[in-house]
Amino acid sequence: MYEQEKKMLAEAAIKQVKNGMILGLGTGSTTRSFIDALGEWVKAGGEVQGVATSNETVEQAKRLNIPLLSLEEATHIDLVIDGIDQIDPRFRVLKGGGGALFREKVVALMSREILYLADASKFVHHLTGPLPVEIDAFARPYVERYLRDKQLDVTLREHDGQPFVTDGGHLILDVDLERVQDVRHLAQELKSLTGVLETGYFERQPDHVLTVEQGKVRQVAHPNLRDGGGLV
Ligand code: 5RP
């Protein structure tokens, strides 16, 4: 996504932030633009507290003097603002491209409302993946074999030639979804395997998504909330 589009989404998302809110702060390049904008908002006198979904987000928020709460300290979360990898017409979402899926999912599950920021390329007819699966390193051969027995292609995520390690100290297997008819079913099946912590299929769906269409920010409401959409 172009930096300009991320800035437009960030500026539109800031309009949804109200004084006194406890915000879930996502992870990734789109969210990074939003947190930059939030830093400016706080500098100008806005009062919020954030709950971060990754060490990277903690560092950015601290640099910008955005007050943070741990999940234990947060009495509740009003609104999560985060990026996504894919969303289908029924608002089923894949996340975890940045490797923060587990904490992002916990924070999303605890939030009263979810707003995702996504450029048009992230809207798809079918979730094509990959589906990130966060696993304990010891269980890797077991989970990999399980997936390969189902004829699914699996890639261990790497960073700088080394296995990518999540903030929680786990590995990520990226599963190709080309042969998968029902991603939700696969995600549920994987969750039942010993050694699988979480998948990037997000059962809890967003209330709204902000996107950019023909140079304008558009708010798309969840199919169950339609009529709430429209240009912002
Ligand atoms: C991190 C995520 C990100 O939100 C997702 O990968 C989108 O990232 P970006 O905004 O850089 O495209 O789920 O775990």
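A residue is called buried when its relative accessible area is under 20%. Keep that cut-off in mind as we walk through this structure, which is a predicted model.

Let's start with Glu104. The UniProt annotation "active site", from an unreviewed entry, covers this residue. You will find Glu104 in helix H4, which runs over residues 101-110. Is Glu104 buried or exposed? Its relative accessibility is 4%, so Glu104 counts as buried.

What lies around Glu104? Setting aside neighbours within four places in sequence, Glu104 is in contact with Gly26, Thr27, Thr53, Asp82, Lys95, Gly96 and Phe202. Look at Lys95 in that list: its side chain makes a polar contact with the side chain of Glu104, at 3.1 Å.

Now let's turn to the nonpolar residues. In soluble globular proteins, nonpolar side chains tend to be buried together. Here, the largest nonpolar core has 24 residues, and the members that touch the most others are Leu131, Val133, Val143, Leu147 and Leu173. Which elements give two or more residues to this core? They are strand E7 (131-135), helix H5 (140-149), strand E8 (154-156), strand E11 (171-175) and helix H6 (183-191). Helix H6 gives the most, with four residues.

To see one member up close, pick out Val143. Not counting residues up to four places away in sequence, Val143 touches Ile135, Leu173, Leu193, Thr194 and Val196. There is also a second, separate core of 23 residues, and its members include Ile14, Leu25, Ile66 and Leu117.

Technical notes: Residues numbered from 1 in each chain as written. Predicted model: local features only at pLDDT ≥ 70, side-chain atom pairs only at ≥ 80, totals over all residues. Heavy atoms only, no water. Core = buried A, V, L, I, M, F, W, Y, C linked by side-chain atoms within 4.5 Å. Buried < 20%, exposed > 50% of the residue type's maximum accessible area, 1.4 Å probe, protein only. Contact = heavy atoms within 4.5 Å. UniProt positions renumbered as here; feature names shortened; annotations may be inferred. Polar contact = N/O pair within 3.5 Å; in protein donor to acceptor, adjacent residues only side chain to side chain.
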